[in-house]
Amino acid sequence: MVIYTGKDYYDVSRKAANIISAQIILKPDSVMGLATGSTPIGIYDQLVKWYEKGDLDFSSVVSINLDEYKGLSGDNDQSYRYFMNKHLFDRINIKKENTYVPNGLEPDSKKACQEYNDIIEKFGGIDMQLLGLGHNGHIGFNEPGEAFEKETHCVDLTKSTIEANKRFFEREEDVPKQAYTMGIKTIMQARKVLMVANGKGKADIVKKAFFGPVTPEVPASILQMHPDCILVADEEALSLL
């Protein structure tokens, strides 16, 4: 694992965006595994700036997102499809038909997961997977458990995850209780993994995930076994190392 330190959120975002832009410049038809949440917003803003300057071309890029809430349509402002359109896809020249997010409106979980696995397989896997880090060590919606989930699956969201997400909804009962997410096996098969972490609140889990035992109780700890994993984190997130 390679660790890059940033001074703050802006510095971390810029360094992570540099790594992503290098991937796209070296391989214009890269298959990018993308993530949502507060962590990557600064990264996407930086990539858009470079695109607007003419330094980046996304016309041949394929994007495959980590996850989506079950039951939400892509035009729901809390869906991850909506998030990606708002923060990245609508601001660059990526072809919308080359952007993939799990189908949250497919009620048949088995069908939705198999279709998404087939998409990933069709493109030969993921070249670079961008990840954030949950406070409990989850990556995507792969929550702490007794075993590492393998491929795309439907997950029951934990109480802590629902609690963390309820601020985005008018009522707590509106928060989806399930989501479709890539599995650990799929993430580990990405040729390169880029993990980004910010803030003092992530310091304890960064230490557990990357310097503690590899265990399903801390899903991100499996990344210690990945042959090409990069961690970009600010000084606060690395303060316990």
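# Close-up views of a predicted model

A search of the whole structure finds 12 salt bridges, a salt bridge being a side-chain nitrogen of Lys or Arg within 4 Å of a carboxyl oxygen of Asp or Glu. This is a predicted model: local features need pLDDT of at least 70, side-chain atom pairs count only at pLDDT 80 or more, and totals for chains, interfaces and linings use all residues. Residues are numbered from 1 along each chain as its sequence is written, and side-chain values use heavy atoms, with hydrogens and water left out.

**View 1. Asp127 and Lys27 form a salt bridge.** Their closest N and O atoms are 2.9 Å apart. The pair links distant parts of the chain, 100 residues apart. Asp127 sits in the loop between α4 (109–122) and β6, and Lys27 in the loop between α1 (9–26) and β2. Helices (H or I, at least four residues) and strands (E, at least two) are DSSP runs, numbered from the N terminus. Asp127 is buried at 6% relative accessibility, while Lys27 is partly exposed at 32%. Here buried means under 20% relative accessible area, exposed over 50%, and partly exposed in between (1.4 Å probe, protein chains only).

View 2. Asp204 is partly exposed at 39% relative accessibility. Lys208 is also partly exposed, at 42%. Elsewhere, salt bridges that share partners join Lys27, Asp127 and Arg191 into one network.

**View 3. Lys111 forms a salt bridge with Glu106.** The closest N and O atoms lie 3.7 Å apart. Lys111 is partly exposed, with a relative accessible area of 43%. Glu106 is buried at 12%.

**View 4. Seven strands form an open parallel sheet.** The order is β1-β10-β9-β6-β2-β3-β5. Two strands pair if DSSP finds at least two bridges between them. β1 (2–6) and β5 (99–100) stand at the edges with a single partner each, so one side of each has no neighbour in the sheet.

**View 5. Strand β2 (residues 31–34) is covered on both faces.** Val31 and Gly33 on one side are buried, as are Met32 and Leu34 on the other. Four bridges join β2 to the parallel strand β3 (residues 62–65). Val31 stands opposite Val62 in β3. β2 also pairs in the parallel sense with β6 (residues 128–131), over two bridges. Met32 has Met128 as its bridge partner in β6.

**View 6. Three strands form an open antiparallel sheet in the order β4-β8-β7.** β4 (67–69) and β7 (153–156) are the edge strands, each with a single partner, so one side of each is left without a neighbour in the sheet. Four bridges join β7 to the antiparallel strand β8 (residues 178–181). His153 has Thr181 as its bridge partner in β8.

**View 7. The structure has zero disulfides.** A disulfide is a pair of cysteine sulfur atoms within 2.5 Å. The sulfur of Cys154 is 6.2 Å from the closest cysteine sulfur, in Cys113, which is too far for a bond. Cys154 is partly exposed at 25% relative accessibility. Cys229 is buried, with a relative accessible area of 3%.
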